[in-house]
Amino acid sequence: MRNTRTDAWRLLSTGALVLGVAAIGVLGGCARKTKPGDPLPGLTRAESTRFDRGRLVFEREFEPGTGLGPLFNSTSCRECHEDPATGGSGDEVEIHATAFKEHGGAGGEAECRPLTEEGGFVVQQHVTPALHDALGIDAEPVPVHATATGHRTTPSILGFGLLDAVSDEAILAYADPDDRDHDGISGRPNRFTDGRIGRFGRKAFVPTLREFTPGAFVIEQGITSPPQPLEETIGGRPIPPGVDPAPEPELSQEDLDLATDFVRFLAPPPRGSAGLGALRGGRLFRKVGCASCHVPALETGTSDVRALRFREVAAYTDLLLHDMGPGLADICLGLASPSEFRTEPLMGLRLRTHLLHDGRAASIEEAVRLHGGEATASRDRFGALPDEERQILLKFLGSL
């Protein structure tokens, strides 16, 4: 069978892909320059209208009378996705909790429980006044059977419609779970409960935006919709009578579809300028091995939206799980062990102030130095660079 990862690296060895992406993204190209929060270029008039209407749903502030809660993390999608524009990142930090058990013996498989029966895996940090009065709590309790908790910052979702349109085949082409090429990189896909390949979330568990959006409404805001018609439990207990006044579902299918289309049609964040060192920075990015996981560009497949169809997206990710070592490990999810995370897309990196999945890194250099597991060799090569080259590489990363 053809080794697509090897073929891709033949391209990378010539610098064609990395330098081509750098030239297009950093030096300008011919495409219309967008700002963060802008729609994708090339949308039809009808799609542009849905983008504008969807923004209104995305920015809508909910109250208990219109469906908020009883458990929630935010009162609107925009409250978390706001910087530097609607759809960007946020300063909120969530708590997630799951249970992980490794079975001993040869061939023993690990077991990951999301603890949904106990209110997991997202532990909501706020409650409505009615729920507070009924139970005397200010936040949802952590599930009693959790073996680990993890913190999660709010990611930017700019350009996620393009990631949604990347085919499963394109993702699988970079998978090498048994490290057959012996490069120390063994990315593998996560899979949803029905076996489909996931791509969204820090553990790459959810396959599509059409599933991610209704899940986010109910988990983050307590807003039910036709695909997610039931409220979350409170630590596994049912919601007390009388604390949730809005009838179910609290969001119509049309409003849900509009919000999903708004996210699908968001343009990726524009690149900054790395100056004349951009091409050299791209070469160093490849030289130290960052591009093994942070693949500079993926191509979308077929789509009902022309603006998403057969497009190159400079996302700098392979959308696969990689072992990042015990220092970053927290929860499991799906097939992902506590130390496995989806390669974080680097598009829009220059716009972020807190890095890594839990926001522990305050700078790009700190984030690189905290990499472990499969990224250990690349981290060490980064640290061994002469100071001048390391600064050129950091400037390149800061332009993404």
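C290 is buried (under 20% relative accessible area, with exposed meaning over 50% and partly exposed in between, using a 1.4 Å probe and protein chains only), its own value being 18%. C293 is in no disulfide (a pair of cysteine sulfur atoms within 2.5 Å), and its nearest cysteine sulfur, that of C290, sits 9.1 Å away. C293 counts as buried too, at 13% relative accessibility.

Keep in mind that this is a predicted model, where local features need pLDDT of at least 70, side-chain atom pairs count only at pLDDT 80 or more, and totals for chains, interfaces and linings use all residues. Residues are numbered from 1 along each chain as its sequence is written, and side-chain values use heavy atoms, with hydrogens and water left out.

## The one disulfide

The structure has one disulfide, and it links C112 with C332 at an S to S distance of 2.2 Å. C112 is in strand β3 (residues 111–113) and C332 in the loop between β9 (321–323) and β10 (340–342), so the bond ties together parts 220 residues apart in sequence. Strands here are DSSP runs (E, at least two residues), as are helices (H or I, at least four), numbered from the N terminus. C332 is buried, at 0% relative accessible area.

## Where α3 meets α9

Helix α3 (residues 45–58) and helix α9 (residues 253–264) have axes that come within 7 Å and cross at roughly 110°. The axes are lines fitted to C-alpha atoms over the stretch in contact, with angles running from 0 to 180 degrees between N-to-C directions. Contact means heavy atoms within 4.5 Å; the residues involved include R50, F51 and R53 in α3, and E254, D255 and D257 in α9.
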